[in-house]
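Here's a quick briefing to read with the model open beside you. Have a look around first, then work through the points below.

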Amino acid sequence: MKLEGERWRTLVSTVRLGRDEYRVVRPAKPLKHAPLYDTYDGFRGVQLIVDKAAALELAMAWEFAMRSPRTLVYLPLRETEYDCRSFGVDDEPLLDLVLMHHSLGFPPSRWKEVRARLGRGRPHTVRSRGFPAVESLLTPDHQPLRRGYRDVVRHHFAADTLFLTGSWKSFALNGDQWRELIEDGPRRMHENPGEHFCTDIAVERIWDWMHVAYCHEHRVSANT
Ligand SMILES: [Zn+2]
Ligand SMILES: [Zn+2]
């Protein structure tokens with residue numbers, strides 16, 4: 001499956017809070033199989049356990065967030081129908097996910113209020129443009145063009161939500177990971193039944209902070 005050209009059905013809300021106005025984009029329907037949880041001291045970051053449909057939606061959301069500096073991309077993952085686990089002790093609370101740009105300057109402390117005012121939202125279909133080739137993001141000596149604060153994805157927790165904040169480039173630098181997950185994963189899993197297939201998303205220079213793994217039980221489909 002190719003990411004480019006895929007359509008993501010979303011709902012768009014505009015929320016006014018005091019003098020500020022926020023645009024929030026979320027999936028038209030909650031993802032059926034995408035439990036996200038923090039393993040606390042067990043591992044350094046979070047686990048996200050997906051089926052094929054959820055992996056595709058997450059990749060589309062990441063790509064859309066990358067090129068949408070004025071938008072909060074909200075994935076209400078606590079509404080997952082399947083709460084399957086990989087690493088961890090199975091009772092970690094589920095988290096929602098919000099992707100946004102540093103330049104938006106959105107304080108996670110305001111999220112609870114924004115979330116409460118989303119309303120029904122307007123349907124809008126996003127067409128994925130795919131990720132830029134990773135070579136285009138590197139200098140000739142294969143280093144990212146800029147290594148400043150802006151080009152690293154940061155994380156915050158607030159209101160049962162994981163906020164991943166980045167620049168266009170910091171999201172783009174993880175593009176290959178998402179592409180591999182949805183373009184290579186299904187074939188690899190078909191050819192190697194039982195093999196663990198996952199990708200690792202870099203956050204704050206920890207290359208494997210967010211572990212996105214196909215569910216061993218519902219790797220092909222959770223009836224989505
Ligand atoms: Zn893994
Ligand atoms: Zn599962």
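Not counting residues up to four places away in sequence, which residues does Val-73 touch? In this predicted model, the list is Val-25, Ala-61, Phe-64, Ala-65, Ser-68, Val-98, Leu-99 and Met-100. Keep Leu-99 in mind, as we'll come back to it.

**The core**

- The largest nonpolar core has 55 residues, and Val-73 is one of three that touch the most other members, along with Val-50 and Ala-59.
- Helix α1 supplies the largest share of this core, with eleven residues.
- As a bit of background, nonpolar side chains tend to be buried together in soluble globular proteins.

**Leu-99**

- You'll find Leu-99 in strand β6, which covers residues 96–101.
- Is Leu-99 buried or exposed? Leu-99 counts as buried because 24 other C-beta atoms lie within 10 Å, and the cut-off for that label is 20 or more.
- Setting aside neighbours within four places in sequence, Leu-99 is in contact with Ala-61, Trp-62, Ala-65, Val-73 and Leu-164.
- Take Ala-61 from that list: Leu-99 and Ala-61 sit 38 residues apart in sequence, yet their C-alpha atoms are 8.3 Å apart in space.

**The sheet**

- Strand by strand, the order is β7-β1-β2-β5-β6-β9-β8, which makes an open sheet of seven strands with mixed pairing.
- The edges belong to β7 (122–127) and β8 (154–158), each of which pairs on one side only.
- On average, and ignoring direction, neighbouring strands of this sheet are turned by 30 degrees against each other.
- How many bridges join β8 to β9? There are five, and these two strands pair in the antiparallel sense, with β9 spanning residues 161–166.
- Leu-164, a contact of Leu-99, turns up here too: this β9 residue is the bridge partner of His-155.

**Helix α4**

- Helix α4 runs over residues 175–191, so to speak 17 residues in all.
- From first C-alpha to last, α4 reaches 24 Å, close to the 24 Å expected at 1.5 Å a residue.
- Where does α4 kink? Look at Asp-184, shortly before the proline Pro-186, for a kink of about 50 degrees.
- The buried residues of α4 are Gly-175, Gln-177, Trp-178, Arg-179, Leu-181, Ile-182 and Gly-185.
- Their cover includes α1 (52–66), α3 (168–172), β10 (198–203) and β11 (206–214).
- An α-helix has 3.6 residues a turn, so residues three or four places apart point the same way.

Key
Residues are numbered from 1 along each chain as its sequence is written. Chains are lettered from A and ligands numbered from 1 in the order in which they are written. This is a predicted model: local features need pLDDT of at least 70, side-chain atom pairs count only at pLDDT 80 or more; totals for chains, interfaces and linings use all residues. Two strands pair if DSSP finds at least two bridges between them. Helices (H or I, at least four residues) and strands (E, at least two) are DSSP runs, numbered from the N terminus. Axes are lines fitted to C-alpha atoms, for helices over the stretch in contact, and angles run from 0 to 180 degrees between N-to-C directions. A residue is buried if 20 or more other C-beta atoms lie within 10 Å of its own, exposed if 12 or fewer, and partly exposed in between; C-beta atoms are placed from the backbone. Two residues are in contact if their C-beta atoms, placed from the backbone, lie within 7 Å. The expected span of a helix is 1.5 Å times one less than its number of residues. The bend at a residue is the angle between axes fitted to the seven residues ending there and the seven starting there. A nonpolar core is a set of buried Ala, Val, Leu, Ile, Met, Phe, Trp, Tyr and Cys residues joined through C-beta atoms within 7 Å.
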